[in-house]
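Keep the structure open while you read.

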Amino acid sequence: MGKYIVKRVLLAILTIFVISLITFFAMNAIPGGPFNSEKATSEATKAALEARYNLDKPVIVQYGLYMKNLLQGDLGVSLKTGRNISDIIGESFPISAKLGLAAACLAIVLGLVLGSIAALMRNRVPDRLIVFFTTLVTAMPSFVLATLLLYVFCMKLGWVPVWSAGNNNIILPVISLACYPMAYITRLTKTSMLDALSQDYIRTARAKGVPQIKVIFKHGLRNALIPVITYVGPMIASILTGSMVVESIFTIGGLGSKFVTGITNRDYTLIMATTIFLAVIMVIANLITDIVYKLVDPRIKLE
Amino acid sequence: MKKVLALVLALAMVLSLAACGGSSSSSTTTSDSDSSAAADGTTTSDSATNTDTTTLNINLASEPAYLDPALNSSVDGACLAVNSFEGLLTYDADGNLIEGCAESYEVSDDGLTYTFTMREGLLWSNGEGLDASDFEYSWRRAADVETAADYSYLFEVLADCQYDEDGNFIGLGDSSVVASEDGTTLTVTLSAPCPYFLDLCAFPVFFPVYEETVEANNPDGTTPGGWALDAGDSFVCNGAYVLQSWNHDSDMTYVKNEYYRDADSVSIETLNFMLSSDDTAIYAAYQSGDLDFIDTIPTDELGVLMAAEDPELYIIDELGTYYVTLNYNSDLWDELGLSETDAATFRQALCLLIDREYIVDNITQTGQELATTFIPAATSDSNGGLFEDGVEYYSVDNYEANVEEAKALLESIGFEFDESGMLTTDVSFTYLTNPSGSNVTIAEAMQADFASVGINMTIDQQEWNVFLETRKAGDYGVARGAWVMDYNDPINMLEMWTTNSGNNDCQFGRDDSAELDWSVYDDLITQIRNTADTAERVTLMREAEDMLMSTWCVLPIYYYNDSYMMKSNVSGVLATVTGNKYFMYATKTAE
């Protein structure tokens, strides 16, 4: 296991390096620049800005300088606002992570429960209702769901404010973020539970008089978890790093919007930092997923 | 089951659309106010109101790029700047230019030297003293190329400017601006008389900044705006409000600056800003009473609000023009077989074919004035009048007559029409635009106008940043254009077309083989800049606009206006024609 983890970490470093390389050259290849605006910046000003941020040097030199600073823990400053990128991520990631973690927990717990109920009560009313609900939620884009929640709970019922200075409510954004993964986990759980419950070892367990609850949780659900874990790993990585749509509708200063504004503004340092950060989170999530596989199903060998 | 599911999905969509739209308010009258007028709500709307009379909750836009007044170049950033900083001059509650940090000023007979006498007892928000030397430092810093301020070029009206070997402005010399040793007076020398110089003294890039924290937060010269990136001790200002907290991309709170020279007359103690550009969320927050003032209104709501004459909707003039820009040197004209003169006639025909009334009535929907000149109609001539008073480069009264005139113009340059009024030859071109806002819808309206006589216009949408680069490089034939003025003088929209200007999107003077001698225009702009006689200056600016419009490379569509909503229990917010909002004059009642 330890050897496997070391191997995976080394591979992860290589992966992140390749991602950084591709991202850096790709973003420099696309047209546009960080100092473009409707009213043109003067040539002298533009030259001063390019010199300040090393953009006057060849791209390969820029990449070398960026990686050198990165290895020293310096992510640079935003070309658009002058703020330290580490401050931007340091402030916005905890906000997104808090929402994402709450949403992920909600999605996993509800998804497993509803999926199990649907499998155990197949073709009965609860199953039908759950299928209906998950289909509805899966088909509904997050901006529709978020807007709907805003309309009902903020405007019609008045339970929470649409916006309040320094006091963001997290309930509605968490529900908005959780609904789609919850529906997906429900469907995955139901399918794999049905598959697991039809296996010989379940019949054997029941024949041997193992209590139903133990059959379901120890033999059924545990074996049904593998496909769910496969989905949950990357889902958590994605949900932790925020959603631009949900953050925009609920005015939350999370990390999600930074991915998009970085690109639209050609804020090169922000693009690089957010990409590398997401890659690191994704690699860690995948590694944890693999380890959890092993814990859930000892038959799996990590090599 | 499927039918039920379909029904519920349809219901969800309808509800979501309703949420997107929000609910509209009943009302009686629309409040139109003149430019630079303080807006006063008179009747109540049925949207919820917040009764905290000491706090205003506001949305202007999303996260500002800079709070440093020297580095800011956005309208929303300027709004924040005018509420937290004050220049030598400022605007009063009625929009009149008045003394700010300066108690008085004198202008020399030749109009070149301004001597400002500072008010006594001016203080920064940290209680430290502020005097003329702070202005000298701030102006030199803002003009310095190392600060890299977008608006540094505005300092070029001063004398003794410094230029690099390529002729680029890089800063101010010793004699441009000088503070007296005791800090009581500031002497500014101009290179030529500048009728709008006093307006510039109230423009954010001319505001003072606190040297100690500015320099402390810029140790290696690479973070000039480092002092104003967050709330805290380093953010020091001299205006009515000081930044108390800033949750990035979420909200900002400003509180009354107790050291502000006129703090006693400021009624609102706290300004909370919602940092969002999501117009659905903004409008929902306004309707639910969480916001008192919004500067962004969903386009589909505007029509409803206008029709209902909602008393909380305010529409004022804004100095800006939405137009079509055409590349004078484009290969398009050769491809159409047109000489330079004929190409101008073709462009004039295009100008007449645009149904501006349809665009304003059905797309932009806030009653914008149809443009018949490039300079906005409300622009001052800096000589006591309006620059465009009585001027029209074409009429917009009768669209059908314009279409007939356009056809006649096209026939005059060799095009022929069949019995159904369509061109017999293929005439096609591409219109370049970015997809945001109403740009594409406006393009589609023009596409239909041109198609009515057989001209095929293809719409090419480019992402904002790419669009800017393509247009600036002149890699286009026809494109979207827009300009909002920084100060109220026509020169702001005339000097952008000089040969070497970075905003010369029409590419005038950049093809040596062209018959058009654009150096004449460049010379006109130089003369305007150097003319002391304001009446003569108006005449020269008229000549410049005439020359610009004679090319028909700029096809004005409408003049911008500024729409915002304000609760009926709030009054006194000053909104200016340059888009700034001054909240220090506001009052709020509990009803």
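Across the interface of chain B and chain A, the rule finds 22 residue pairs in polar contact, with both partners at pLDDT 80 or more. A polar contact here is a pair of N or O atoms within 3.5 Å; within protein, one must be able to donate a hydrogen and the other to accept it, and residues adjacent in sequence count only if both atoms are side-chain atoms.

Which elements of chain B give two or more residues to the side that touches chain A? They are helix 1 (2–21), strand 13 (251–256), strand 14 (270–274), helix 6 (279–287), helix 13 (464–473) and strand 19 (478–484). Helix 1 of chain B brings the largest share, nine residues. By class, this side of chain B splits into 32 nonpolar, 19 polar and 13 charged residues. For the classes, Ala, Val, Leu, Ile, Met, Phe, Trp, Tyr, Cys and Pro count as nonpolar, Asp, Glu, Lys and Arg as charged, and the others, Gly among them, as polar. Helices (H or I, at least four residues) and strands (E, at least two) are DSSP runs, numbered from the N terminus.

A word on ground rules: this is a predicted model, where local features need pLDDT of at least 70 and side-chain atom pairs count only at pLDDT 80 or more, while totals for chains, interfaces and linings use all residues. Residues are numbered from 1 along each chain as its sequence is written, chains are lettered from A and ligands numbered from 1 in the order in which they are written, and side-chain values use heavy atoms, with hydrogens and water left out.

Back to the interface: 64 residues of chain B and 50 residues of chain A take part in the contact (heavy atoms within 4.5 Å). The area buried between chain B and chain A is about 4,600 Å², and carbon and sulfur atoms give 60% of that. Buried area is the accessible area (1.4 Å probe) that two parts lose on being put together, summed over both.

Now for the charged pairs. The structure holds 24 salt bridges over all chains, and the rule finds seven across the interface of chain B and chain A. The rule asks for a side-chain nitrogen of Lys or Arg within 4 Å of a carboxyl oxygen of Asp or Glu. Inside chain A, the side chains of A:R8 and A:D290 meet in a salt bridge at 2.1 Å, N to O. Because A:R8 lies in helix 1 of chain A and A:D290 in helix 12 of chain A, this pair ties together parts that are 282 residues apart in sequence.

Chain A itself has twelve helices and zero strands. Its C-alpha trace spans about 85 × 55 × 30 Å along the principal axes.

A search of the whole structure finds seven cavities of 30 Å³ or more. On a 1 Å grid over the protein atoms alone, a cavity is a set of points where a 1.4 Å probe fits but cannot get out, and a pocket is an open set with protein on both sides within 12 Å along at least five of seven lines; lining residues have an atom within 4 Å of a point. Grid points are joined across faces, edges and corners, and a volume is the space filled by probe spheres set on the points.

| Space | Volume | Lining residues | Nearest the centre |
|---|---|---|---|
| Largest cavity | about 160 Å³ | 18 residues | A:S37, A:E38, A:A40, B:K472, B:G502 |
| Second largest pocket | about 520 Å³ | 24 residues | A:N54, A:N69, A:G76, A:V77, A:T269 |

For the largest cavity, helix 13 of chain B gives the most to the lining, with four residues. For the second largest pocket, the largest share is also four residues, from helix 3 of chain A.

Finally, the backbone: A:N123 has a positive phi near 65° without being a glycine, and it lies in the loop between helix 4 (85–120) and helix 5 (125–139) of chain A. B:S382, not a glycine either, has a positive phi of about 60°.
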